[in-house]
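Dear colleague,

I am handing over the structure below, and my notes on what was found in it follow directly after. Please read them with the model open beside you.

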Amino acid sequence: MSVATKLQSPVKPLSEGRVVLGPGGNRFRVSEEARRKKEGLEKPRQQPRKTPSEVPESIVRNNLSFESSCSSDSSSSGSSVKMVNSKGRVKRNGLKPVKVVPDGVEVPAKRCDWITPNSDPLYTSFHDEEWGVPVHDDKKLFELLVLSQALAELSWPTILNNRDIFRKLFDNFDPSSVSKFTEKKLLSLKASGGTLLSEPKLRAVIENAKQMLKVQQEFGSFSNYCWSFVNHKPMRNGFRYARQVPVKTPKGEVISKDLMQRGFRCVGPTVIYSFMQAAGLVNDHLLTCFRFQECNSNIEKDLKAKTEETEVLTNPLEQNTCLSHN
């Protein structure tokens, strides 16, 4: 073997480190690639992120509950609730946003639930102006009694649209005039108004007019008779939902029974309670309806006026009594 061959240094593998000049002096640094190859380590793989659908629902709920407990907004409002749907998306349920109405824009009044934007205008006007308003006029009470009887065959919108026809048929609902209707008149009513009311209902109207005259003689007026059952003060139910409003009540059954004993016809408990509602003997407007408070305020004004009138009439009598004793 030659000397040159012996002196030749072995070639170092490329994977070994080499001396480099660092800022802090000479240091022996090994490149990251060489070190990994030397140690037999592979480059760490980045794990794929889980999609929201792969996240367990229990973990999401726990994280959300912890987040909501630490959030001051959720604790102050008390209405922020988060839900996870089947797709892994988070939904936030809570109070509905408040609708801000600009100045100058009229907000429609809240009425009873049975009055909708599609209701007949006459029916809406009847609700806003008449239904639940106390009535003390005998002719008006007779009219409302007849219209309540017609509810057994017709609806309120149909009745109100034919109200002028009813008034023409029954002489503007004058009990003294209707009580004098003869059989011939009845046949003419049947011919002209037969499409509205059946013959039994027409005969009942005439008979009820006769009995009303007797009640007027006994009680002074039909109004005094009707209002005596509620102590001359309207009843207030204050229902919140339409399903709570009854079709008949024990008070209506009492009035119905007394009327039938006096000879009135077609005055069942359901008819009488409809009459009580229309005539204001009972205020069945829902609490959310603007007419509930209006009817109550009008009632209080009427009661206050009657009380003052009674005091005015009572004071002179007391003074005269005192003078007579002196």
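Leu197 is buried, with a relative accessible area of 5%, where buried means under 20% relative accessible area, exposed over 50%, and partly exposed in between (1.4 Å probe, protein chains only). Leu197 lies in the loop between α10 (183–193) and α11 (199–219); helices (H or I, at least four residues) and strands (E, at least two) are DSSP runs, numbered from the N terminus. Leaving aside residues up to four places away in sequence, Leu197 touches Ala150, Glu153, Phe166, Phe170 and Leu202, a contact being heavy atoms within 4.5 Å. The C-alpha atoms of Leu197 and Gln149 are separated by 9.5 Å, although these residues are 48 residues apart along the chain.

Before going further, please keep in mind that this is a predicted model, in which local features need pLDDT of at least 70 and side-chain atom pairs count only at pLDDT 80 or more, while totals for chains, interfaces and linings use all residues. Residues are numbered from 1 along each chain as its sequence is written, and side-chain values use heavy atoms, with hydrogens and water left out.

As for the chain as a whole, its secondary structure comes to 15 helices and six strands, and 30% of its 326 residues count as buried. Among the contacts with a separation of 6 or more, 63% are accounted for by residues 24 or more positions apart. The accessible surface of the protein chain comes to about 22,300 Å², of which 53% belongs to carbon and sulfur atoms; these areas come from the Shrake-Rupley method with a 1.4 Å probe, and for residues only the protein chains shown count as cover.

Next, the cores. In soluble globular proteins, nonpolar side chains tend to be buried together. A nonpolar core here is a set of buried Ala, Val, Leu, Ile, Met, Phe, Trp, Tyr and Cys residues joined through side-chain atoms within 4.5 Å. The largest one has 50 residues, of which Phe142, Trp156, Phe166, Phe170, Val178, Phe222 and Phe275 touch the most other members. The largest share of this core, seven residues, comes from α6. A second, separate core of five residues includes Cys112, Phe239, Val245 and Leu286.

Phe166 touches Leu147, Ala150, Leu154, Ile159, Phe173, Leu196 and Leu197, again not counting residues up to four places away in sequence. Leu144 is found in helix α6 and, at 1% relative accessibility, counts as buried. With the same exclusion of residues up to four places away in sequence, Leu144 touches Val135, Arg163, Phe275, Ala278 and Ala279. The C-alpha atoms of Leu144 and Gln277, which are 133 residues apart along the chain, are separated by 9.8 Å.

Turning to the aromatic rings, the structure holds eight aromatic pairs. Rings of Phe, Tyr and Trp (its six-membered ring) pair if their centres lie within 6.5 Å, and planes under 30 degrees apart count as stacked, over 60 as edge-to-face and the rest as tilted. One of these pairs is formed by Trp114 and Trp131, which are edge-to-face at 5.7 Å centre to centre, with 75 degrees between the planes. This pair links distant parts of the chain, with Trp114 in the loop between β4 (90–93) and α5 (121–129) and Trp131 in the loop between α5 and α6 (138–150), 17 residues apart. Trp114 counts as partly exposed at 27% relative accessibility, whereas Trp131 is buried, with a relative accessible area of 9%. Phe219, Phe222, Tyr225, Phe229 and Phe264 form one aromatic cluster.

A charge sits over a ring if NZ of Lys or CZ of Arg is within 6 Å of the ring centre and within 35 degrees of the ring normal. Lys185 lies in this way over the face of Phe181, at 5.2 Å from the ring centre, and Arg243 lies over the face of Tyr241, at 4.5 Å from the ring centre.

Finally, the cysteines: how many disulfides does the model hold? With a disulfide taken as a pair of cysteine sulfur atoms within 2.5 Å, the count comes to zero. The sulfur of Cys112, a residue that is buried at 1% relative accessibility, is 3.7 Å from the closest cysteine sulfur, in Cys289, which is too far for a bond.

With best wishes
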